[in-house]
Amino acid sequence: MNTTTPRWLRLLPAALAVAAWALAGTAFAQGVLVPQAPAAPPQDTLTRAAASVGIQRCLPAITRLSTLTVQGSRGHDVLLDWDRKRPDDGPMFSLIGIQYPNAGVAASITAIPGDGGSCTVSAERISVAPFTCQSVAEQELKNYKMTRLLPIYAVYTDDKEPTSSVSLIDSPPGCLVIRRYVEYGWRDPSAPAPAAAPAAQAPKRR
């Protein structure tokens, strides 16, 4: 994951009402806890929840994505699933419900540890725009390439960010908007570089 902000996270049109998540109550392992009074301002609850169950290797990636997405939300709930036997070596899946004054949004972040301290991460943000998909594309995705999968389903991509996409699904009277981001082999830029393997020595002559 680069240190620059992915474009799909920079696109925050008011019409789409997309941004982030915060915590009113947290759900672990599909078991919903009793919600507490919402805190103000919203905090990065996904990071706290992941850390509390022992997830550390991919925590910087989770923190970065969730922090970028939490901005501007009024409240949120987090549903978290992880490998109980290997919390820091197995995948983590999250589903987030996001509350805005005039809209509701769903989002998810997935993190899977890889070899040598790397992580595969993905994030999705799902919202409903109160416009036609054509008008959303014309306003927000002018420079994107469109691939038509179904008469009601189109995917938009930008060559500058090949691991990101925006899907528009006609759902009259509005449009279902799914913004997706994936990165393989992400490494924490602040972590020490792995030690290089010692160079092989030529066999000594007798």
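Q: Okay, which residues are buried in α3?
A: Keeping in mind that this is a predicted model, the buried residues in α3 are L59, A61, I62, R64, L65, S66, T69 and V70.

Q: And how far apart are the end C-alpha atoms of that helix, α3?
A: They are 16 Å apart, and this agrees with what should be found, because the 12 residues of α3, residues 59-70, should span 16 Å at 1.5 Å a residue.

Q: What comes just after α3?
A: Just after α3 there is G72, which takes a positive phi of about 90 degrees. As background, most residues other than glycine have a negative phi.

Q: How do the axes of α2 and α3 cross?
A: The axis of α2, which covers residues 45-52, comes within 8 Å of the axis of α3, and the two cross at roughly 160 degrees. Since angles over 145 degrees count as roughly antiparallel, α2 and α3 are therefore roughly antiparallel to each other. On the α2 side the contact is made by L46, T47, A50 and A51, while α3 brings L59, I62, T63 and S66 to it.

Q: Is that crossing of α2 and α3 right-handed or left-handed?
A: The crossing of these two helices, α2 and α3, is right-handed.

Q: How many bridges join β6 to β10?
A: There are 10 bridges joining β6 to β10, a strand of residues 174-186, and the two run antiparallel. In that pairing, S127 has V177 of β10 as its bridge partner.

Q: What is I178 in contact with?
A: I178 has its place in strand β10, and, leaving aside its neighbours within four places in sequence, I178 is in contact with R125, I126, S165, V166, S167 and I169. The C-alpha atoms of I178 and I126 are separated by 4.6 Å, although these residues are 52 residues apart along the chain.

Q: One last thing, where does P173 lie?
A: P173 lies in the loop between β9, residues 161-171, and β10. A cis peptide bond with an omega of about 10 degrees joins P172 and P173, whereas in general most peptide bonds are trans.

Note on methods:
Residues numbered from 1 in each chain as written. Predicted model: local features only at pLDDT ≥ 70, side-chain atom pairs only at ≥ 80, totals over all residues. Heavy atoms only, no water. Helix = DSSP H or I, 4+ residues; strand = E, 2+ residues; numbered from the N terminus. Expected span 1.5 Å × (residues − 1). Buried < 20%, exposed > 50% of the residue type's maximum accessible area, 1.4 Å probe, protein only. Pairing = 2+ DSSP bridges. Contact = heavy atoms within 4.5 Å. Axes fitted to C-alpha atoms, helices over the stretch in contact; angles between N-to-C directions. Parallel < 35°, antiparallel > 145°, perpendicular 65-115°, else oblique. Left-handed = near helix turned anticlockwise from the far one by under 90°.
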